[in-house]
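Let's take a walk through this structure together, moving from a pair of helices to the cores and then to the charged pairs. Have the 3D view open as you read.

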Amino acid sequence: MKDMRVIKWVLAAVALGLVIWLSRSVFDVEAEDLRNWILSFGLWAPVIYIIVYTIRPLIFFPASVLSIAGGLAFGAWMGTLYTVMGATMGAMLSFMVAKSVGKSIVSKKWTGNAAKFQTQMEQNGFLYVLLFRLIPVINFDLISYMAAIAKVRFVSFALATLIGIIPGTFAYNFLGSSFVSGNPKIIAAAIAVFIILTVIPIAIRNRWKRKNGGKPT
(Lines give C-alpha, C1' and ligand atoms only; values in the text may rest on other atoms or scores of the structure.)
Protein backbone atom coordinates (compact mmCIF):
# COMPACT_ATOMS: atom_id res chain seq x y z
CA MET A 1 0.00 0.00 0.00
CA LYS A 2 2.78 2.42 0.92
CA ASP A 3 4.64 1.57 -2.30
CA MET A 4 1.52 2.42 -4.32
CA ARG A 5 1.22 5.78 -2.55
CA VAL A 6 4.85 6.57 -3.26
CA ILE A 7 4.39 5.65 -6.94
CA LYS A 8 1.24 7.81 -7.12
CA TRP A 9 3.05 10.86 -5.68
CA VAL A 10 6.06 10.32 -7.96
CA LEU A 11 3.81 10.13 -11.03
CA ALA A 12 1.96 13.26 -9.88
CA ALA A 13 5.27 15.10 -9.43
CA VAL A 14 6.44 14.01 -12.89
CA ALA A 15 3.15 15.11 -14.44
CA LEU A 16 3.34 18.48 -12.69
CA GLY A 17 6.94 18.95 -13.84
CA LEU A 18 5.94 18.13 -17.42
CA VAL A 19 3.07 20.62 -17.35
CA ILE A 20 5.30 23.38 -15.96
CA TRP A 21 7.96 22.63 -18.58
CA LEU A 22 5.35 22.80 -21.35
CA SER A 23 4.00 26.11 -20.04
CA ARG A 24 7.48 27.66 -19.93
CA SER A 25 8.89 26.31 -23.17
CA VAL A 26 6.36 24.98 -25.68
CA PHE A 27 3.68 27.50 -24.67
CA ASP A 28 6.10 30.40 -24.19
CA VAL A 29 4.60 32.77 -26.76
CA GLU A 30 4.11 36.50 -27.14
CA ALA A 31 0.65 38.05 -26.87
CA GLU A 32 0.83 39.26 -30.49
CA ASP A 33 1.63 35.76 -31.78
CA LEU A 34 -1.16 34.32 -29.66
CA ARG A 35 -3.57 36.89 -31.03
CA ASN A 36 -2.68 35.96 -34.63
CA TRP A 37 -3.14 32.26 -33.83
CA ILE A 38 -6.56 32.89 -32.27
CA LEU A 39 -7.78 35.01 -35.18
CA SER A 40 -6.64 32.34 -37.67
CA PHE A 41 -9.76 30.38 -36.69
CA GLY A 42 -12.02 33.02 -38.22
CA LEU A 43 -15.60 32.87 -36.94
CA TRP A 44 -14.56 30.17 -34.48
CA ALA A 45 -11.94 32.43 -32.89
CA PRO A 46 -14.08 33.45 -29.86
CA VAL A 47 -14.98 29.80 -29.18
CA ILE A 48 -11.36 28.68 -29.43
CA TYR A 49 -10.27 31.53 -27.16
CA ILE A 50 -12.84 30.63 -24.49
CA ILE A 51 -11.88 26.94 -24.67
CA VAL A 52 -8.18 27.78 -24.34
CA TYR A 53 -8.91 30.04 -21.39
CA THR A 54 -11.01 27.31 -19.78
CA ILE A 55 -8.21 24.73 -19.86
CA ARG A 56 -5.48 27.31 -19.15
CA PRO A 57 -5.25 26.53 -15.40
CA LEU A 58 -4.45 22.90 -16.18
CA ILE A 59 -1.39 23.83 -18.26
CA PHE A 60 -0.23 26.73 -16.05
CA PHE A 61 -0.28 29.18 -18.96
CA PRO A 62 -0.02 32.81 -17.71
CA ALA A 63 -3.48 34.38 -17.58
CA SER A 64 -2.12 37.91 -18.11
CA VAL A 65 -0.63 37.04 -21.53
CA LEU A 66 -3.84 35.36 -22.65
CA SER A 67 -5.97 38.29 -21.46
CA ILE A 68 -3.84 40.82 -23.34
CA ALA A 69 -4.04 38.60 -26.42
CA GLY A 70 -7.84 38.63 -26.01
CA GLY A 71 -7.83 42.41 -25.99
CA LEU A 72 -5.62 42.48 -29.07
CA ALA A 73 -7.89 40.03 -30.88
CA PHE A 74 -11.39 41.15 -29.89
CA GLY A 75 -11.11 44.64 -28.43
CA ALA A 76 -11.70 45.84 -24.88
CA TRP A 77 -15.39 45.02 -24.49
CA MET A 78 -15.75 41.73 -26.37
CA GLY A 79 -12.32 40.65 -25.15
CA THR A 80 -13.47 41.25 -21.58
CA LEU A 81 -16.68 39.29 -22.19
CA TYR A 82 -14.90 36.28 -23.69
CA THR A 83 -12.16 36.38 -21.07
CA VAL A 84 -14.63 36.52 -18.17
CA MET A 85 -16.49 33.55 -19.65
CA GLY A 86 -13.32 31.52 -20.17
CA ALA A 87 -11.71 32.49 -16.87
CA THR A 88 -14.85 31.68 -14.90
CA MET A 89 -15.21 28.27 -16.54
CA GLY A 90 -11.49 27.65 -16.05
CA ALA A 91 -11.81 28.49 -12.36
CA MET A 92 -14.80 26.15 -12.04
CA LEU A 93 -12.83 23.40 -13.76
CA SER A 94 -9.91 23.92 -11.37
CA PHE A 95 -12.34 23.85 -8.44
CA MET A 96 -13.85 20.52 -9.53
CA VAL A 97 -10.46 18.96 -10.28
CA ALA A 98 -9.11 20.04 -6.88
CA LYS A 99 -12.17 18.71 -5.11
CA SER A 100 -11.89 15.39 -6.92
CA VAL A 101 -8.13 14.95 -6.55
CA GLY A 102 -8.07 16.22 -2.97
CA LYS A 103 -10.92 14.11 -1.63
CA SER A 104 -8.81 12.81 1.23
CA ILE A 105 -7.91 16.38 2.26
CA VAL A 106 -11.48 17.63 1.94
CA SER A 107 -12.96 14.74 3.92
CA LYS A 108 -10.44 14.77 6.77
CA LYS A 109 -11.19 16.64 10.01
CA TRP A 110 -9.26 19.89 10.25
CA THR A 111 -7.77 21.08 13.55
CA GLY A 112 -6.38 24.29 15.07
CA ASN A 113 -6.04 27.40 12.90
CA ALA A 114 -6.68 25.34 9.79
CA ALA A 115 -10.07 24.35 11.19
CA LYS A 116 -10.95 28.01 11.89
CA PHE A 117 -9.90 29.02 8.38
CA GLN A 118 -11.88 26.16 6.85
CA THR A 119 -14.98 27.11 8.85
CA GLN A 120 -14.72 30.77 7.82
CA MET A 121 -14.24 29.82 4.17
CA GLU A 122 -17.16 27.40 4.26
CA GLN A 123 -19.53 29.84 5.98
CA ASN A 124 -18.42 33.01 4.13
CA GLY A 125 -17.14 31.47 0.91
CA PHE A 126 -18.68 34.06 -1.42
CA LEU A 127 -17.18 37.02 0.46
CA TYR A 128 -13.71 35.49 0.80
CA VAL A 129 -13.48 34.39 -2.83
CA LEU A 130 -14.79 37.77 -4.01
CA LEU A 131 -12.16 39.61 -1.95
CA PHE A 132 -9.39 37.33 -3.17
CA ARG A 133 -10.50 37.86 -6.78
CA LEU A 134 -10.79 41.64 -6.45
CA ILE A 135 -7.62 42.01 -4.37
CA PRO A 136 -4.60 40.09 -5.75
CA VAL A 137 -3.64 38.48 -2.45
CA ILE A 138 -3.14 34.97 -3.82
CA ASN A 139 -2.45 33.48 -7.26
CA PHE A 140 -5.66 33.18 -9.34
CA ASP A 141 -5.53 29.40 -9.77
CA LEU A 142 -4.43 28.80 -6.21
CA ILE A 143 -7.61 30.50 -5.00
CA SER A 144 -9.66 27.95 -6.94
CA TYR A 145 -7.79 25.01 -5.43
CA MET A 146 -7.86 26.52 -1.95
CA ALA A 147 -11.61 27.19 -2.12
CA ALA A 148 -12.32 23.61 -3.18
CA ILE A 149 -10.23 22.12 -0.38
CA ALA A 150 -11.78 24.52 2.16
CA LYS A 151 -15.26 23.27 1.18
CA VAL A 152 -16.58 26.53 -0.27
CA ARG A 153 -19.93 25.95 -1.95
CA PHE A 154 -19.58 25.64 -5.71
CA VAL A 155 -22.31 28.19 -6.56
CA SER A 156 -20.83 30.76 -4.16
CA PHE A 157 -17.37 30.19 -5.60
CA ALA A 158 -18.52 30.49 -9.21
CA LEU A 159 -20.59 33.65 -8.63
CA ALA A 160 -17.86 35.37 -6.61
CA THR A 161 -15.30 34.52 -9.30
CA LEU A 162 -17.55 35.83 -12.09
CA ILE A 163 -18.05 39.18 -10.34
CA GLY A 164 -14.59 39.54 -8.88
CA ILE A 165 -12.58 39.08 -12.06
CA ILE A 166 -14.38 41.71 -14.14
CA PRO A 167 -12.29 44.82 -13.16
CA GLY A 168 -8.90 43.15 -13.63
CA THR A 169 -10.03 41.42 -16.81
CA PHE A 170 -11.16 44.70 -18.34
CA ALA A 171 -7.84 46.32 -17.40
CA TYR A 172 -5.82 43.67 -19.24
CA ASN A 173 -8.11 43.57 -22.29
CA PHE A 174 -8.29 47.36 -22.59
CA LEU A 175 -4.51 47.49 -22.42
CA GLY A 176 -4.20 44.88 -25.16
CA SER A 177 -6.80 46.49 -27.42
CA SER A 178 -5.18 49.93 -27.09
CA PHE A 179 -2.04 48.76 -28.88
CA VAL A 180 -4.13 47.75 -31.90
CA SER A 181 -5.50 51.28 -32.28
CA GLY A 182 -2.04 52.83 -32.34
CA ASN A 183 -3.57 56.02 -30.93
CA PRO A 184 -1.23 57.46 -28.25
CA LYS A 185 -4.16 58.92 -26.30
CA ILE A 186 -5.99 55.59 -26.18
CA ILE A 187 -2.79 53.79 -25.19
CA ALA A 188 -2.16 56.35 -22.42
CA ALA A 189 -5.76 55.99 -21.21
CA ALA A 190 -5.45 52.20 -21.23
CA ILE A 191 -2.22 52.32 -19.24
CA ALA A 192 -3.86 54.70 -16.74
CA VAL A 193 -6.86 52.39 -16.34
CA PHE A 194 -4.58 49.39 -15.98
CA ILE A 195 -2.53 51.12 -13.25
CA ILE A 196 -5.65 52.28 -11.40
CA LEU A 197 -7.34 48.86 -11.49
CA THR A 198 -4.19 47.06 -10.34
CA VAL A 199 -2.70 49.56 -7.87
CA ILE A 200 -5.93 50.31 -5.97
CA PRO A 201 -6.61 46.64 -5.09
CA ILE A 202 -2.99 46.27 -3.95
CA ALA A 203 -3.34 49.39 -1.77
CA ILE A 204 -6.55 48.00 -0.29
CA ARG A 205 -4.79 44.68 0.35
CA ASN A 206 -1.92 46.39 2.16
CA ARG A 207 -4.32 48.44 4.28
CA TRP A 208 -6.27 45.29 5.06
CA LYS A 209 -3.10 43.48 6.13
CA ARG A 210 -2.02 46.38 8.37
CA LYS A 211 -5.46 46.56 9.96
CA ASN A 212 -5.39 42.86 10.76
CA GLY A 213 -1.77 42.67 11.87
CA GLY A 214 -0.54 41.20 8.60
CA LYS A 215 -3.04 38.33 8.71
CA PRO A 216 -6.40 37.96 6.96
CA THR A 217 -9.34 37.66 9.33
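In this predicted model, helix α8 (residues 125–134) packs against helix α9 (residues 140–149) at an angle of about 170°, and their axes lie 10 Å apart. Because angles over 145 degrees count as roughly antiparallel, α8 is roughly antiparallel to α9. On the α8 side you will find Val129, Phe132 and Arg133, which meet Phe140, Ile143, Ser144, Met146 and Ala147 of α9. The residues of this contact comprise 6 nonpolar, 1 polar and 1 charged.

Now turn to the nonpolar cores. The largest has 17 residues, and Leu34, Ile38, Tyr49, Tyr53, Leu66, Phe74 and Tyr82 are those with the most contacts inside it. Two or more residues each come from α2 (31–39), α3 (45–59), α4 (63–74) and α5 (76–101), with α4 giving the most, 5 residues. To see the packing around one member, pick Tyr82: beyond its neighbours within four places in sequence, Tyr82 touches Pro46, Tyr49, Ile50 and Phe74. Apart from this core lies another, of 16 residues, including Phe132, Ile143, Met146 and Phe157.

Finally, the charged pairs: the whole structure holds 2 salt bridges. In one, Asp141 and Arg56 meet at 2.7 Å, N to O. Asp141 belongs to helix α9 and Arg56 to helix α3, so this pair ties together parts that are 85 residues apart in sequence. Asp141 is buried at 8% relative accessibility, and Arg56 is buried too, at 3%. In the other, Glu32 pairs with Arg35, with the closest N and O atoms 3.4 Å apart. Both lie in helix α2, 3 residues apart, about one turn of the helix. Glu32 is partly exposed, with a relative accessible area of 38%.

Terms used:
Residues numbered from 1 in each chain as written. Predicted model: local features only at pLDDT ≥ 70, side-chain atom pairs only at ≥ 80, totals over all residues. Heavy atoms only, no water. Axes fitted to C-alpha atoms, helices over the stretch in contact; angles between N-to-C directions. Helix = DSSP H or I, 4+ residues; strand = E, 2+ residues; numbered from the N terminus. Parallel < 35°, antiparallel > 145°, perpendicular 65-115°, else oblique. Contact = heavy atoms within 4.5 Å. Nonpolar A, V, L, I, M, F, W, Y, C, P; charged D, E, K, R; others polar. Core = buried A, V, L, I, M, F, W, Y, C linked by side-chain atoms within 4.5 Å. Buried < 20%, exposed > 50% of the residue type's maximum accessible area, 1.4 Å probe, protein only. Salt bridge = Lys/Arg side-chain N within 4 Å of Asp/Glu carboxyl O.
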